[in-house]
Amino acid sequence: MFYAIYYRKTDIGDVRLSPVKEHLLSLENENRVKTGNMQPRVALGYGACHDLFVNATLLLDHRELIGVPEHFDEITTKEEFLKSFTYFFKHGAAAERFMSNSKLYDDYIKRALNIPGTKWNIGGNAPLMAKRFYMEGWKVLFAAKMSNNLKKYIPEEIQIVGGDENEDMKDDIHMILEYKADAKFGTYKAPRANRYIVHNDENNPLLSSLEKFGEHLPGFKPDLLVISGLQMMDNYPFKSDNGKDLRAERLDLVKEQILSQPLKTLAHFEMASYVDLELLKHLTTKVLPYVDSVGMNEQELTNLYSVLEFGEVSVVADSNPRIATALDQMRKTFNLIRQQNRKYTSNRKLTRIHVHTLAYQAILTVKDSSWQRTKAAAAKASLTAHRYVCNSQNIALEKVKLLLDDSFSTTTDNDNTSRVFFEPTKPVACWEEILNGDSVEICIAPVLICTEAQLTAGAGDNISAAGLVLQVEK
């Protein structure tokens, strides 16, 4: 039973902020990553890139937008670029697209380098998650072909495999177009801070580090295997080799890599922005049936559910969905992936889903599975969301807001009147349900939203990794 204690907003702000912060920090402090012989080990694939961060509304000129915003699966012209960016900008939705026009891409890179505030950093799901696991006390192995210049961004203690020692590498570059909440682009206004990513990759779509990664896995003996970066295959023009589907072949090797691990090594798939339906269908047959855990944001949850249930891509969804809506999609997605587990007679069953949104973290785990400390994991993910986006370990209340109401429904089902009351002194709400014959625990943690966003790209990778660091124990 959940009891309501109402904290009202006053002239000095939301009085819930301080108790929420203190109790989230308390949960984090009470739950630590083990050290010494008990230190957990994670292996992450695949790929890395050089991220070029640029102010979106300085790079693009709204006066050059012709017609109405619309989405394109692949960017080939300047007109498509402007329309696609504006489409996601007006929804405040994260997106990632392949630009097949190399000359156009290079022209925008040159333009971005002349804009004040443009900066370089390492990018890619695997290295960003790897750095977070390392920061939180894990032993880390990750797979990517990288130049020596790009390797400088990675702590020396992280083991990188995938390339040859003396290989001269040209790193793939991703352009990260960032914008803040309420930013204007012509007549359009962003409802929240977010980013639009565009790339013209050559290495990452081929998962070129996969084989070397496989050679190192037996000796490393990971407790957790993370599969990420597969969205680089999205709309990439794979060359056909005598009628063979090269992408399907590479994904079959990913599947074999997961299957090569003992069942005690938990497998997590990090979802991303996909629009290529054929690739998404490959993921539902070659990856999702064989993992224990899936992590994603609200856009990716809607898309994954849509593909599993209807065989259709969902291009954009509500950027701040109601908790009840997200939970219903999580339950349905859980059941649909469990069906895939049975269909493909997988030795693994999905036992964990983590969905991160602007306003809250939602983690579903099967009771009596290998996942530990779900409540603390939700708190950890929430704190990491704030710290990363504000680019500060310190949580300053003047830079914080909460979007959660005093209570929320646990489902949109009108026949179910279940409500959870949000209690600032017990901010992480957890309860049990029966799903697919299994007892599951669901935990919701409010996010102390950073009101002065410094970073948006990479937030999901850091949040997902943070959600995992406390859930795996030797």
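## Strands β16 and β17

In this predicted model, strand β16 (residues 293–297) runs parallel to strand β17 (residues 352–356), and the two pair over 5 bridges, where pairing requires that DSSP finds at least two bridges between two strands. Within this pair, G295 has H354 of β17 as its bridge partner. Strands here are DSSP runs of E with at least two residues, helices are runs of H or I with at least four, and both are numbered from the N terminus.

## The sheet around them

Both strands belong to an open sheet of 10 strands with mixed pairing, in the order β9-β8-β3-β14-β15-β16-β17-β18-β23-β22. Because β9 (159–161) and β22 (429–435) each have a single partner strand, they stand at the edges, and one side of each is left without a neighbour in the sheet.

## Helix α7 and its two faces

Helix α7 (residues 210–220) has the buried residues L210, F213, L217 and F220, buried meaning under 20% relative accessible area, exposed over 50% and partly exposed in between, with a 1.4 Å probe and protein chains only. An α-helix has 3.6 residues a turn, so residues three or four places apart point the same way.

The buried residues of α7 pack against β3 (41–45), β8 (139–143), β9, β14 (224–227) and α8 (246–259), contact being heavy atoms within 4.5 Å. On the face turned away from this buried side, α7 carries the exposed residues E215, P218 and G219, and just after the helix K221 takes a positive phi of about 55°.

## Basis of the values

Residues are numbered from 1 along each chain as its sequence is written, and side-chain values use heavy atoms, leaving out hydrogens and water. As the model is predicted, local features need pLDDT of at least 70 and side-chain atom pairs count only at pLDDT 80 or more, whereas totals for chains, interfaces and linings use all residues.
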